[in-house]
Amino acid sequence: MTFRSCNAAMRYRTIDGTCNNLHKPRDGSFKDTLLRLVPNAYEDGKSLPRFNGFDGYLLPSAGEISQKVLTNVSEPALTSLTNLHQVFGQFLAHDIVLTKTMKTSSGGNYKCCKDTGIDETLGLRGEPCYPIKWPNPVGDHGCGNFVRTVGEIDCKSHIREPINFLTAFVDGSGVYGSTKDESHSLRSFVGGKLTKSAHDLLPARGNPHDKSNCILFTENDFCFDAGKLTISAHALLPARSNPDDKSNCILFTDNDFCFDAGDKRVNEVSGLTALHIVFMRYHNLIAQQLSTMNPSLDDEILFQETRRIIVAIIQKITYHEYLPLLIGPAAMSQYGLTEPYSYNPNISPGIFSSFSAAAFRYGHSSVPNKWTNGNSRLPLGVMFQRPYYIQIANGTGYDHTMKGMLIDSSQEVDLEFNKAFQVDLFNTDAFAGNTLAAINIQRGRDFGLPSYNTFREACGLPRLNSFDNGSAQFNRLQMVYSHVDDVDLYIGGLSEDPVTDGIVGPTFACIIGQQFNNLKFGDRFWFENAQSSGFSQGQMNAIRNLTFSRVICDTAKIERIPTFAFLHENNSTNILVECSDNTETPPSMNIIRKLEPQKEDETMSYKFLRATDFEYVKLYFLYHQCYYSSVDVHKSQQNKGFIIHFLIIEDEATSKVYI
Ligand code: HEM
Ligand SMILES: [Ca+2]
């Protein structure tokens with residue numbers, strides 16, 4: 001076997017995030033494990049979900065908490081943040097974290113509630129099933145299907161950690177994918193652009209297998225479709241390569257189709273889909289300008305240079321526009337997010353399990369129940385997972401969705417959820433006889449998250465010793481919890497009053513603040529790292545000056561927009577600006593003008609191997625100095641639905657193996 005080392009001089013970040021950290025090349029990459037901010041609270045300290053409360057009684061079921069403590073709203077309130085703020089949060093979440101649930105040995109879905117009823121203790125017996133009990137049955141038998149997350153078991157400590165199926169870095173995974181195959185399936189391989197439908201041509205047929213009256217010459221050409229979604233002004237994302245794949249996507253008519261993007265949750269809600277389209281279109285716009293300016297550049301260089309600019313723009317919007325409104329200026333400064341960038345190779349850029357299963361799910365409480373789309377206000381339960389609402393009227397559904405997100409408001413982060421999440425979607429495939437909030441609580445226990453008070457303490461906040469010590473919302477929790485130390489992080493976090501000029505409470509602000517600190521200072525390719533990003537000071541300033549509003553103006557048919565798109569307009573600090581009123585057209589020219597792309601010697605100077613092979617398994621155990629029969633362990637873990645995977649990179653010079 002020959003493996004090659006990471007190339008320190010690499011000009012572009014790898015698509016799967018490996019080799020960002022040269023000493024720990026797997027850190028933050030596709031299939032890295034989640035990290036702990038505080039040690040786990042698994043029932044056995046290793047892998048079984050948190051199950052028993054402080055006083056030895058069972059914790060209240062997630063279903064009971066949802067039914068007794070949470071309320072639902074059907075009519076959204078007006079707040080200062082536009083709905084775009086929470087949707088960008090979802091887009092960002094889908095850039096940095098995706099965990100998956102376990103599958104049966106034949107790759108099917110577990111049906112945990114079966115015919116007879118509920119057995120909550122399955123999870124405690126190490127089974128993939130960990131169903132949710134509903135005291136006032138809403139679905140059949142008062143049981144909600146819930147399957148545990150795919151985890152990696154450390155062979156020495158035997159501790160289980162969930163696996164992240166995206167790169168943790170803020171690097172546009174939702175636009176470009178987190179593997180080479182995904183990324184290739186999204187590219188046009190012409191002029192550095194993404195997606196065939198984004199050309200100045202007609203879109204591809206929704207069903208790529210339909211070759212009627214059309215003959216293809218190469219693997220790259222495709223049959224046009226007309227009369228449905230028309231030309232580039234309405235360029236949308238490509239259809240899934242397998243038209244029969246309807247996961248997380250519901251079709252209405254013969255003409256609509258499920259979109260594909262770097263993150264497969266793209267069809268979850270039309271606002272999210274629209275943001276995928278924004279960045280796909282902006283990519284193509286910049287690639288076009290870059291190619292006009294540098295006609296000799298080939299597709300690969302045009303693609304990588306453009307990707308680098310788009311990632312920089314996403315990082316800028318995240319840290320300069322989105323995060324300050326989420327965690328407030330004090331937490332921005334407390335967690336170092338306003339500090340000038342300098343790379344710290346000792347920071348692990350992975351995602352915290354408390355961030356994935358609790359803190360960043362704050363967004364579920366801020367999703368409104370009704371969404372403006374043209375002249376209609378669509379209930380979330382109706383438009384959920386339906387790309388139809390983007391595709392209608394020749395793709396102008398996209399423009400209406402974008403405008404709607406500027407009209408509607410993000411909802412407050414509290415114990416109140418929209419009616420769709422609490423009621424309407426209860427028996428859909430996605431919710432499987434649960435509310436989304438109940439799933440989140442159960443997921444926290446599945447991840448072995450310690451209780452809310454442990455996180456308060458870790459964040460330097462006083463523990464709450466009684467239900468009367470916290471907010472009015474916290475007081476309500478005694479309806480279900482028998483001890484204050486039992487409170488789940490998700491519920492405790494939501495019950496807090498928001499920080500000044502932010503929308504989450506101090507505990508979520510702490511977890512989110514530390515997470516985004518790691519994602520900035522642990523990212524060698526951060527856009528302000530002049531050494532690795534290759535941007536000049538002028539380009540960096542141009543990126544810092546670019547607003548999300550400008551990006552939206554350039555990618556949607558929209559006339560007027562607030563200067564800062566995450567806030568409703570006002571007459572002083574956030575005036576409405578005309579999209580046509582820009583000093584330069586298009587303004588991204590500032591960013592690319594000074595770019596002098598060079599040819600990359602070797603973009604893929606590393607090797608990724610998946611260990612289905614005995615050799616790699618042996619190597620893994622050798623590296624970790626584990627002495628038991630590796631192959632048996634590998635097989636038995638697989639039977640339980642776990643996946644052990646390996647990224648093996650051997651430094652040629654030192655023969656050191658990184659896993
Ligand atoms: C219509 C809007 C949304 C829907 C339907 C939705 C639905 C879901 C579902 C079904 C899950 C998986 C739950 C599980 O099995 O554990 C999930 C996970 C998650 N959601 Fe949402 N969500 C929405 C909006 C948001 C927003 C606005 C945010 C953040 C601002 C967000 C952040 C997350 C995070 C961080 C996860 C965990 C991801 C992972 O680690 O795998 N979601 N969401
Ligand atoms: Ca990423």
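Trainee: Which elements do the buried residues of H20 pack against in this predicted model?
Mentor: Helix H20 covers residues 548-555, and eight of its eight residues are buried, so the helix is largely enclosed by the rest of the structure. The buried set is Phe548, Ser549, Arg550, Val551, Ile552, Cys553, Asp554 and Thr555. These residues pack against H5, helix H6 (299-334), helix H11 (397-407) and strand E9 (560-562).

Trainee: Is the arrangement of H2 and H5 parallel or perpendicular?
Mentor: The axes of H2 and helix H5 (residues 270-293) come within 9 Å and cross at roughly 70°. Angles of 65 to 115 degrees count as roughly perpendicular. The two helices, H2 and H5, are therefore roughly perpendicular to each other.

Trainee: How do the residues of the contact of H2 with H5 divide into nonpolar, polar and charged?
Mentor: From H2, the contact draws on Asn83, Val87, Phe88, Gln90 and Phe91, while H5 supplies Gly271, Leu272 and Leu275. The division is five nonpolar, three polar and no charged.

Trainee: Which element gives the most to the shell around ligand 1?
Mentor: Ligand 1 is surrounded by 19 residues, the closest being Gly89, Gln90, Val269, Ser356 and Gly363. Two or more residues of this shell come from each of helix H2 (83-96), helix H8 (363-366) and helix H13 (436-446). With four residues, the element that gives the most is H2.

Trainee: How many residues of the shell around ligand 1 are charged?
Mentor: Asp, Glu, Lys and Arg are the residues that count as charged. The shell divides into nine nonpolar and seven polar residues, and the charged ones number three.

Trainee: How many residues of H13 are buried?
Mentor: The buried residues of H13 include Leu436, Ile439 and Ile441, and also charged side chains, among them Arg443, Arg445 and Asp446. Just after H13, Gly448 takes a positive phi of about 65°. H13 itself is mostly covered, the buried count being eleven of its eleven residues.

Trainee: How does H10 lie relative to H11, oblique or perpendicular?
Mentor: Helix H10 (residues 388-395) packs with H11 at an angle of about 125°, and their axes are 6 Å apart. That angle makes the relation of H10 to H11 oblique.

Trainee: Which residues in H11 meet those in H10?
Mentor: The contact of H10 with H11 divides into five nonpolar, four polar and no charged residues. On the H10 side are Tyr389, Ile390, Gln391, Ile392, Ala393 and Gly395. Their partners in H11 are Gly397, Tyr398 and Thr401.

Trainee: Is Cys19 buried or exposed?
Mentor: Cys19 is in the segment before helix H1 (62-69). Its phi is near 70°, a positive value in a residue other than glycine. Most residues other than glycine have a negative phi. With 26 C-beta neighbours inside 10 Å, Cys19 counts as buried.

Trainee: Where is Asn248, and what is its phi?
Mentor: Asn248 is placed in the loop between helix H4 (180-186) and H5. With 15 other C-beta atoms within 10 Å, Asn248 is partly exposed. Although Asn248 is not a glycine, its phi is positive, at about 50°.

Trainee: Which residues does Asn72 touch beyond four places in sequence?
Mentor: Asn72 lies in strand E1 (residues 71-73) and counts as partly exposed, with 17 C-beta neighbours inside 10 Å. Pro238 is 166 residues from Asn72 in sequence and 36 Å from it in space, C-alpha to C-alpha. The residues that Asn72 touches are Phe417, Asn418, Lys419, Gln422 and Val423.

Trainee: Over which residues is the pLDDT below 50?
Mentor: The model scores ipTM 1.00 and pTM 0.89. The protein chain averages a pLDDT of 86, and 82% of the residues score at least 70. Where pLDDT is low, the predicted coordinates should not be read in detail. The stretches under 50 include residues 599-614 and residues 627-659.

Definitions and conventions
Residues numbered from 1 in each chain as written. Chains lettered and ligands numbered in written order. Predicted model: local features only at pLDDT ≥ 70, side-chain atom pairs only at ≥ 80, totals over all residues. Near = placed C-beta within 6 Å. pLDDT = per-residue confidence, 0-100. Contact = placed C-beta atoms within 7 Å. Buried ≥ 20, exposed ≤ 12 C-beta atoms within 10 Å, placed from the backbone. Axes fitted to C-alpha atoms, helices over the stretch in contact; angles between N-to-C directions. Parallel < 35°, antiparallel > 145°, perpendicular 65-115°, else oblique.
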